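Hi everyone, thanks for making time for this. I'd like to walk you through a structure that may be new to you, so please have a look at it with me.

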Amino acid sequence: MILIINKLLLNKIYKTIKKYDEIVIARHVGPDPDAICSQIALRDSISLTFPEKKVYAVGVSVSKFKKFGSLNKPNYKEMTNPLLIVLDVPNMHRIDGIEDLKYTEILKIDHHPNDDIKARVDWTDINKSSTAQMVTELILNTKLKLNENIANNLFLGIVSDSERFSLKNTTYDTFDTVKELIKVSNIDFTSLYDILYTRPFSEHKFIAFITNNLVINENGLGYIKISDKDLKEFNVDVATPSNLINGYNFIDELLVWIFITEDVKNKQYKISIRSRGPIINTIANHYNGGGHKYASGAKLETMAEVDNLIKDLDTACKDYENK
Ligand code: AMP
């Protein structure tokens, strides 16, 4: 169900895409399946609709996400008038892979609260389950084309960011868009869920490690500090805890939980926070981070900052319970 106002905006997005011969599609650093799948699906849909256009999905490749499709490494110097489409990211400094790109304009599609990206055409809707849902709505309501592969990627993005249709932004529209995707691709749910959720045994052992070491206090705040040594012991990378944190959504005693992961390479701590009640992105913003109301992140340089963040989240839990 697309409102008329959205229909106008979607047409504007379509017309902008139509206008450019060179299009670069970017997303946030440290991508998740929603970001990557949206990016690859939109690139493939534009290429299918307009085979003469040069369309690139850019940013660092992540080996475990190669199953969704490959990314491009275009030569920005050869571009004369490129459109930059940014997906699933509200902050300029977190857009991956566009450092040397001289774009003509930005078009943005995202479900995070906007930060500092200034796009002439901007479709931001924090009530959408995922950016993949928005890209699906764009395709379904314009002349952009869809095929089986594109539909599969969009489905994966939606499933992953809605945590299998369990998070608060899962709505009638989410299922409505998925219904259309199923029509096109006859989605093989079992194989697609395998792609998202099958993990090596070492990662399952790491989950057990997190479960055993998560500290949960009397206010419902849970936290764990994961060292580089821990990551090495379980043969997982610095992004893995963020990929696992949603799995702690159904623990009775937890209200807010935070995974703090040592990132030796970048000399910082990668922070992932989730909530089943208190709004956390306002707190993450204070620590130079951001995200959604109930799913946020940040990068911190010192353990003192980490401890302050833990304290603030603890206070948020206490206040929430008192209300
Ligand atoms: P993550 O825990 O990494 O899955 O991130 C949860 C949410 O917070 C996502 O919407 C991210 O885009 C956002 N986020 C993560 N890290 C940062 C950061 N350093 N700055 C702003 N937003 C972030």
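Let's begin with helices α4 and α5, which cross in a left-handed way. One thing to keep in mind throughout is that this is a predicted model. To find the pair, look for residues 148–161, which form α4, and residues 172–185, which form α5. How do their axes meet? They come within 9 Å and cross at roughly 150 degrees. Because of that angle, which is over 145 degrees, α4 counts as roughly antiparallel to α5.

Now stay with α4 and bring in another neighbor, helix α6, made of residues 189–197. Here the axes come within 11 Å, and the crossing is at roughly 55 degrees. That angle makes α4 oblique to α6. And the handedness? α4 passes α6 in a right-handed crossing.

Right, on to the ligand. How many residues surround the ligand? There are 15, and the closest are H112, S272, R274, G290 and G297. Sorting the shell by residue type gives two nonpolar, nine polar and four charged residues.

Where in the fold do these residues come from?

Let's zoom in on some individual atoms. H112 has a polar side-chain atom 2.5 Å from an oxygen atom of the ligand. For R94, a polar side-chain atom lies 3.3 Å from a ligand oxygen atom. With G297 the backbone does the work: one of its polar backbone atoms is 3.1 Å from an oxygen atom of the ligand. And how much of the ligand does the protein cover? On its own, the ligand has 480 Å² of accessible area, and the protein covers 89% of that.

Methods: Residues numbered from 1 in each chain as written. Predicted model: local features only at pLDDT ≥ 70, side-chain atom pairs only at ≥ 80, totals over all residues. Heavy atoms only, no water. Near = heavy atom within 4 Å. Polar contact = N/O pair within 3.5 Å; in protein donor to acceptor, adjacent residues only side chain to side chain. Areas by Shrake-Rupley, 256 points an atom, 1.4 Å probe, with all protein chains shown as cover. Nonpolar A, V, L, I, M, F, W, Y, C, P; charged D, E, K, R; others polar. Axes fitted to C-alpha atoms, helices over the stretch in contact; angles between N-to-C directions. Helix = DSSP H or I, 4+ residues; strand = E, 2+ residues; numbered from the N terminus. Parallel < 35°, antiparallel > 145°, perpendicular 65-115°, else oblique. Left-handed = near helix turned anticlockwise from the far one by under 90°.
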